[in-house]
Each structure stands twice: as C-alpha cells, then as structure tokens.
Amino acid sequence: MKASETRQSIVAAADKLIYERGFEFTSFADIAQVVGISRGNFYYHFKTKDEILDAVIERRIRDRSEMLDGWVETGQSPKQCVANFIRILLMNNQKIREYGCPIGTLFSELAKLSHQGASGARDLYDLFRIWLVRRFKEMGRSEDADALAMHILARSQGAASLANAYPDEPFLEQEVQQMLAWLDAVADGATIKT
C-alpha cells in the first residue's frame, strides 16, 4: 500500500472508530489493528492523537461539503436541497439510532473534554449553517435565512439525539415528515416562528 493510501486508510478507520466509540476511547492500537499496520508504520503518518482528530475533521468537512455541493451542482432546487439535508437523518437512520449524530456526538465529547478540537468540530456545524442559509436565501427568505438554518440544525440535532435515546420508536421518521412539512411552509413564504 502506498503511503498516501495508508494514511487515507488510517483516517477512514479513525473516523469510524471515533464515531462508534468516541475520541477518548479510540487508541492508536485500535486504529492500527483495523488498518492492519504496525505501530511504527502508524507513527510514520501520525505522531499524536490530535493529528488524527484534525485529519478526521478535515475528512468529514470534505465529504459533507462534496455531498452538499453535489446536490446544488445537479440542479436541484433550493427546497429540494434542504429536503435532502433533512433526509440525511433517514439515510443514516440505523447508525444514528446506534451511535447518535456523527457531528453532534463528536462536538459534544470534545466540548466536555475542553479539547481544542471542539472548534474544528464546530466548523462542521458552520459548514451546514452557511450552506442552509444560502439555500433559504435562494428561496427568497433573506430576512430570516439564518434563523431558519439554525432552526433546522437544532431540530435535526434534537431528533438525532432522541432517536439515539429511543432507538425502537418511530420518532425519527415522524420528525423528518414534520420537518419536510415545515419546509413546505417556508418555501411557500409562510411566516415561521423559529
């Protein structure tokens, strides 16, 4: 395996383990074992756990950015793009029920640890917020675009948390349907209390 491929494999494995176990409970040894490399080879690519965290956050930002931009580039309407964002909850239904939201859980853990990586994890929220604001502005909602973006972020994060707390209930599906109905009202120009 080439060095760049090994590095990508390390970051992918770290991303998965950090999501499933948490940052604090994911070790170099865990990641090296998943990738199938020696610790020495591992240290060639990453010297500290914080370097791995930075690479995982960069990967998440890049992947989410590509997904969001892809919806816009395929010519979907702003409303369709926001609906796709809402439906992420259903696309990741099983994982959310088992582990929570990958963005929310990482940020919460790092914030509790007062870890410097929390600001990088917040960049993921900023990515979503800025992207949503643009879509709401494109829908003609310039005056309240940021409030609408924050509302959908808050609601989706809350839904993910409760779906993780109550994994056997149909709560998540109901929330997604309510958010989509809310989006219809927003797109139709209704006055929305956020």
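Angles under 35 degrees count as roughly parallel, over 145 as roughly antiparallel, 65 to 115 as roughly perpendicular and the rest as oblique. Helices are DSSP runs (H or I, at least four residues), numbered from the N terminus.

This is a predicted model, where local features need pLDDT of at least 70, side-chain atom pairs count only at pLDDT 80 or more, and totals for chains, interfaces and linings use all residues. Residues are numbered from 1 along each chain as its sequence is written, and side-chain values use heavy atoms, leaving out hydrogens and water.

**Entry 1, helix packing.** I looked up H5 (residues 78-91) and H10 (residues 171-187): they pack at about 170°, with axes 9 Å apart. Axes are lines fitted to C-alpha atoms over the stretch in contact, and angles run from 0 to 180 degrees between N-to-C directions. H5 and H10 are therefore roughly antiparallel. Their contact (heavy atoms within 4.5 Å) includes Val82 and Ile86 of H5 and Val176 and Leu180 of H10.

Next came H5 and H9 (residues 145-165), which pack at about 10° with axes 11 Å apart. That makes H5 roughly parallel to H9.

I counted a salt bridge when a side-chain nitrogen of Lys or Arg is within 4 Å of a carboxyl oxygen of Asp or Glu. A search of the whole structure finds twelve. One of them joins Glu173 to Arg97, with the closest N and O atoms 2.9 Å apart. Glu173 lies in H10 and Arg97 in H6 (residues 93-99), so the pair ties together parts 76 residues apart in sequence.

Methods: Helices (H or I, at least four residues) and strands (E, at least two) are DSSP runs, numbered from the N terminus.
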